[in-house]
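Good morning, colleagues. Please look at the sequence and the structure as they come up, and I shall then take you through a few places in turn.

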Amino acid sequence: MKLMKGGLLIILIVGFIFESSVGHVQVVATANNESIYDAFWDILNREAELVSILNETGNKSVAMELIENSRLGSQNAVNISVLVWKALEELQESGVKMYYSSGELREMAENISENGLPSETIQYLKSRGWSDDEINELEEYIVENADNITSGFNMSAFLQNFSLAFVRVGLKYVHYEGWGVYRAFWTNEKSLTPSANYTTSINPFLSKEWVDFYSAYTSGNVEKEISSADALLSKIESLIKSNGGVWASQELTTGSDGKPSILTLRRNVTSITHIQNGGLLIRSVYFTSSRGTLRVITEDCYWWKALESYRTLREIQVIIEAMRGGVSDQNLQYMLNQRVSQLKADLVVECVKTSRQFTFHKPIPNPIPIPKPWPIEVKSLPRGERTSSISTRVATPIEVTALSPESNYGYIDNLEVTLEKSLLDNGQLEYHLHVSFSVEKNSLSGVTIQILDSQGSDSVSYSTLPVGSQSWDSKSFTTSGKIVKPGDSVTISGTVTITYTATDTPTPTSVNPDLGIAGGPKKGVISTSYSFTVTYDDLMQASKVHVQVVPEPSSSIAKGQSVTFQLVITNNNQVPIYGHWDVGIEIPSAGSEVPVTEHFSDDVTVSPGNTKTVTMTTVTYESAGDYTYSVTFSFGGNTKSASGTIHVAPGSSSSGSLSIEKVDVTPAFPKVGDRVTFKVKVRNSYSVKKNIKVKLLVDGKLADAKEEMISGASDGTFTLYWPAVAGEHSYVVKLYRVDGQELFEDSWSGDFRVLGGNDSGGLSNSSGGVTIDSFECTPRGVGLYEWSLDQDRVLCTVVIQNTGSEIRIAPRVVIDDIETFWLNIRTLPINSSINLQYEVKFSDGLARIMYGPSATALSFVRTVEESSGTVCQRGVCYNSTRIYYLPKNHMISLRLYKAMNFVPTTEVLIQSEKEVITVKYDGYVEKEYTKYLVSVSMFAITSLSGTGLAIAVFGELATTTIGGTLLGGLIGEIVSFSLNKLLDDNSPGGDVG
């Protein structure tokens, strides 16, 4: 069908409402409006294409086009939001009925059931590309779901949410615009750290424009807000584009009279460096002079949130453009309040000053000879005092408020939603949502967190929340859809909105009803949409499925005894598994020494957390020897197998038996040239001593054999040897009772690996006297987000013990089985231990190793698509290896080499176990592009009159029991959700509210 459920709802409900308004009000449906709606899809499709191309190429021209397209998209979304709001106002003024009860909705659906869709509706659908079959399918869908209507429909709430949803679409475009700016200008960012002796202030190069905007904001003058925001954005763009030269700056200082003052300086901006995580380092030079003394001051200002400032200001522009267009939803003002507080925090810089003083015993020459590195020339400097400051004056109250970095309204940032889920016995998914966020700058009062989920709603309120990280877990919800077989999936989506009251006083104690913008408490709001799709494959893990064949009563019997074979399949998953098993059992063949294999097979379903046991057959063994059995179980694209051997000994077993209790293989990770030792423990349950022979076969060839007597009812140990050869090997130890002939009693088999060269042997954790007592990396899950910093580092800690003689070790970091970087060579005395720590920082598909107290970056490791060349990113080139489509689990471990004369050798001593780190990347970083079909009908707005549509409400959204307001809210989010789907793959939307 052409439309998803939400889109059908929009067509039928809105079309009917506007049909009802004919004759009452002239609703917008002009050709110009039609072009706005058509442009929406054109811009959206181009955005998705540009995101994909930029991910693949990193081309700057593509990034610049993405910036321009995103701006067109945000403006287009605002235009549609304004049109929807105007339509809402006109409908309310016309007196058209705006609320329909569930009974009225069912009646309308029944009318469609009896008479079909009106001809006008059919004609319109055909004009939009619908076929007759698809239209018939739509009618059938309405008929089937008419009885599911359980709540009414509030058209006012629907259109209000629909208008706000398009504002959020505009904010989502800003998100990608910011990413385009990052990819275009942060192409070779540097990692820098300022000294501890810095001062903070609002960016002095933006102070004037920021004060102008803040003044317009506090006065509520939307036109001035727009013009001043444009001027501020122009200055931010100039800094991002590294436009140096002479800049005027303004700083809030304290005058000689102790009052706040504004110092205006004319500075020479000599360099602008793009630094990590979207920051800028702005270096400027200015001078002062006094009677033969010249001071030249160099100031380095670290603007850590330059890119974030750009994005926040662009979000502000989207909001105030909607307000100027006439959207009077109070939520816009609350959204604006939150972002203005955030912008002020983003504009803060940390500045470090250095100066040099020059004294002239003669009159100061003209021009003044100033040595490098200060690229400044003063063409005229008369005697007496002179400075490059333009003026000093008393600061106005609004300047003091706007330019004080310590003073700010509290706000909420870093809003994220994660899903905690479990599967019920009936296949439905029970889940709750974990909401995390941070309170910034100042405590908040009157905080309410509200979740509007596809399966219900929940909320919580707090009288106050302090500064710092906060979190909340919602109540449990249950999906109506079920996951019971491969291909099943359920989607969980909704919106989290947090409203709060902020104040610039030290600590709020109560909610003040004065929520105006001219000082006093301010109400703020932030929201984010989420969408999680849970599939059968997400819940089914092959590692939690176990299969074996169990011979009863034993795998060691005497001639003439019988064995019953049972198949045991255990499913420790939360979902049932469906598969097919095949078992092959060797049985004696009459008249032949060669056994025959009999097969048994069937399909099977194993419910979650259960074990299925199938009794297959009973076999009587009339001939001594070894008889194998095996099973293969195929399920969900996975295969599990197991095998074993039935050992049939001649004669009666009543007097006792011989058995192998265990086999110890040392060393655990032998190297080429080692002598591998097999210690075999044998149990003699006979009452008398027996002559016993043990044979060792490696890769099917006899390697060693030993024969000796073991007393009755006692144990004995046989030691066998094999010279190590590099590679993977299998071994079998066979046990015989020697009584005139060799009579088979038992066997033991296994696999091992002999290391050669740089081979580490994988998960070894001990070698000789050197052991790794513990190895841990935390956290196990990290995230890379363009706007959230310091969430991408993993700290690894290892404890190394030496119980042997003194030895030097060379630790080497291993990521995804790729050897990366050497850590410092260490000497381990006898009976000593050391603790090592290092960090792995994931960024844009790179893993950077941080080691030692200074956390200095050593190098990078890069995984890209296989090719014969190299890949370069941000000025660093990497050998091509292989690509990982992210998000991805990465494995980190530490491999210890032996060192001689402080130089690593090729001898591997030991390797730690592998820690699995889940790295979640944001939607635009190294993500494989997947295009989703977005099908939200624009008919609701583009064809608002002259239709003959009837109304129907159906589907999951309509069957909720919490009323029509939620229904409208969910439908209002459809476009926002759709944009997230197209541009973000499966990841939830960002902060768009």
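How many bridges join strand 28 to strand 31, and in which direction do the two strands run? The answer is 10 bridges, and the strands run antiparallel. Before I continue, please keep in mind that this is a predicted model.

Let me stay with these strands. Strand 28 covers residues 675-684, and one of its residues, Phe678, has Leu720 of strand 31 as its bridge partner. Both strands belong to an open sheet of 3 strands, which follow the order 27-28-31 with antiparallel pairing. Strand 27, residues 658-666, and strand 31, residues 714-723, stand at the edges; each has a single partner strand, so one side of each is left without a neighbour in the sheet. From one strand to the next, the twist averages 20 degrees.

I turn now to a helical residue. Gln338 lies in helix 11, which spans residues 330-346. Is this side chain buried or exposed? Gln338 counts as buried, because its relative accessibility is 0%, and the cut-off for that class is under 20%. As for its surroundings, leaving aside residues up to four places away in sequence, Gln338 touches Tyr411, Ile412, Tyr500, Val525 and Ile526.

My last topic is the disulfides, of which the structure holds 2. By way of reminder, a disulfide is a covalent bond between the sulfur atoms of two cysteines.

One of them joins Cys301 to Cys351, with an S to S distance of 2.1 Å. The link of Cys301 and Cys351 is right-handed, with 110 degrees about the S-S bond. Both Cys301 and Cys351 are buried.

The other disulfide is formed by Cys777 and Cys796, whose sulfur atoms are 2.1 Å apart. Here too the pair links distant parts of the chain: Cys777 belongs to strand 35, residues 770-778, and Cys796 to strand 37, residues 793-802, the two being 19 residues apart. Why is this disulfide called right-handed? The torsion about the S-S bond of Cys777 and Cys796 is about 110 degrees, so the disulfide is right-handed. Cys777 counts as buried at 0% relative accessibility, and Cys796 is buried with a relative accessible area of 0%.

Thank you for your attention.

Notes: Residues numbered from 1 in each chain as written. Predicted model: local features only at pLDDT ≥ 70, side-chain atom pairs only at ≥ 80, totals over all residues. Heavy atoms only, no water. Pairing = 2+ DSSP bridges. Helix = DSSP H or I, 4+ residues; strand = E, 2+ residues; numbered from the N terminus. Axes fitted to C-alpha atoms, helices over the stretch in contact; angles between N-to-C directions. Buried < 20%, exposed > 50% of the residue type's maximum accessible area, 1.4 Å probe, protein only. Contact = heavy atoms within 4.5 Å. Disulfide = S-S within 2.5 Å.
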